[in-house]
Amino acid sequence: RAHEVYQTLSYVFLIFPQFSFGNGLMELARVDMQAQILSAYGVDSYTNPFSMDVLGWMLVALFLQGSVVFSLRLLLNKFLLRKIRNLICSKKVVPETDSWDEDEDVMMEHHRVANGGASGDLLQVNQLRKVYQHMRKKIQAVRRLSVGIPAGECFGLLGVNGAGKTTTFKMLTGDISPTDGTAQIRSSDGTMVDIIDCRSMGINIGYCPQVDALDELLTAEEHLYFYARIQGISRRDIDQEVNYLLRKLELDFHRKKICEGYSCGTRRKLSAAMALIGRPQILLMDEPSSGMDPRSKRHLWSIISEEVKEKCAVVLTSHSMEECEALCTRLAIMVKGQFRCLGTLQHIKNRFGSGFTVKMYLAVTSGDVDSITNFMQFHFPGTHLKEQHLSMVEYHVPMAPGGVAGIFQQLESHKAALHIKHFSVTQTTLDEVSA
Ligand SMILES: Nc1ncnc2c1ncn2[C@@H]1O[C@H](COP(=O)(O)OP(=O)(O)OP(=O)(O)O)[C@@H](O)[C@H]1O
Ligand SMILES: [Mg+2]
């Protein structure tokens, strides 16, 4: 009776792969022990362990389960998951909290994208939004970003840590799905394709992530080969492409060395090289030059500029204003997941960065700063002291009738009386605007 129950349950439990595996091992041991003990008494009780009575059904069950689950995994990855995600996302609209008034330029760009004004642009981002669910707290990482980026433009994303730059990039590469909104690419025949589907349309996107995605045990050459194969570059062209990129990014010296020993700057160079595989139409670069020495930085800038000239649409994030000033044709400053201002560099400077910065080095450490401040405020109303370190003082001058020359003239003629060793006058930089 007990044996019958055992037999029935053995068939029922075949639906659990763990049972098939564990019970299979026990059956193997049992059959072997049985044959050994009985052979000592001269009885030949050997049975084939792979017969249907012993392991047969367990193997069949494991094979079927493996095939079904693997197919389901592929399906989920490719179609089902996205459909389910879209269904859930369209039903569950997460309400926006504490949004503020949009800046007029940001609003104009928003309308331009919404009304089809950006239909000729290569990359179109429309009301992109991301809310992270952390425990029971909702974090609004990106709030309704809209921007159209044409071919041949380098668009810069500036912002303090945690502003939402990397989250925006991750949505553009399909790493994470947006809570709301779309990111689309214009294909060669003029149709708009969701950015996730663009690979199947033959559109190549290069991505240099903020955290290098490198394998410690592969060499620079192997990385490039590996990613070039994934990109679908033919075997015939692959050598030429890898050699070209190794030379271009000055990585020849590291060609045969494994990544484990690379410096931070070299890792960034390799990540940038990987982003450039296959001449992408869209290039997304998340702080590409962080950790690079000044010469390498400038070299990378020239490479990015070349890509822009060849009609690639580049989106770049950076904390280096110098980098944005050197590369970006248009830029946006992001604060708490939203664009606070958007436009060309000169436009942003004109709107937000009016005025001058005056830096002075005093002849005596901590000299009479008060009298210098009074002098500056008398001649240039609205001037305020921004910083003071030992013998250096820095002022912001919002308005000077004679421009740089006017400030220069006043200071030059009173330099000795105010005990100023030397000074510099500059127009407000982007650094000061974003701060
Ligand atoms: N996986 C996550 N889960 C929950 N919150 C996240 C997650 N990733 C990012 N965030 C939050 O989203 C916000 C934006 O982060 P993000 O990494 O996009 O900023 P960033 O602008 O790239 O900053 P940085 O300049 O430091 O690279 C931050 O408040 C961060 O804490
Ligand atoms: Mg980031």
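Which residues come nearest among the 14 around ligand 1? I looked this up first, and found G162, K165, T166, T167 and Q210, where a residue counts as near a molecule if one of its heavy atoms lies within 4 Å of it.

Before going on, I note that this is a predicted model, in which local features need pLDDT of at least 70 and side-chain atom pairs count only at pLDDT 80 or more, while totals for chains, interfaces and linings use all residues. Residues are numbered from 1 along each chain as its sequence is written, chains are lettered from A and ligands numbered from 1 in the order in which they are written, and side-chain values use heavy atoms, with hydrogens and water left out.

**Ligand 1**

An oxygen atom of the ligand is 2.7 Å from a side-chain N or O atom of T166, one is 2.9 Å from a polar backbone atom of G164, and one is 3.0 Å from an N or O atom in the side chain of N161. On its own, ligand 1 has 640 Å² of accessible area, of which the protein covers 65% (Shrake-Rupley method, 1.4 Å probe). Two elements, β2 (137-149) and α5, each give two or more residues to the shell, and the largest share, three residues, comes from α5; helices (H or I, at least four residues) and strands (E, at least two) are DSSP runs, numbered from the N terminus. By type, I read the shell as five nonpolar, seven polar and two charged residues, with Ala, Val, Leu, Ile, Met, Phe, Trp, Tyr, Cys and Pro counted as nonpolar, Asp, Glu, Lys and Arg as charged, and the others, Gly among them, as polar.

**Magnesium ion**

Next I checked ligand 2, a magnesium ion, and found it coordinated by T166 through OG1 and by Q210 through OE1, at 1.9 to 2.1 Å. T166 lies in helix α5 (residues 165-173) and Q210 in the loop between β6 (205-208) and α6 (220-231), so the pair, 44 residues apart, links distant parts of the chain. Donors are N, O and S atoms within 2.8 Å of the metal (3.2 Å for Na, K and Ca), and because water is not among the atoms, sites may look incomplete.

**Backbone**

Finally I looked at R144, in strand β2, whose phi is positive, near 40°, in a residue other than glycine. R144 is partly exposed, with a relative accessible area of 24% (buried is under 20%, exposed over 50%, partly exposed in between; 1.4 Å probe, protein chains only).

Terms used: Polar contact = N/O pair within 3.5 Å; in protein donor to acceptor, adjacent residues only side chain to side chain.
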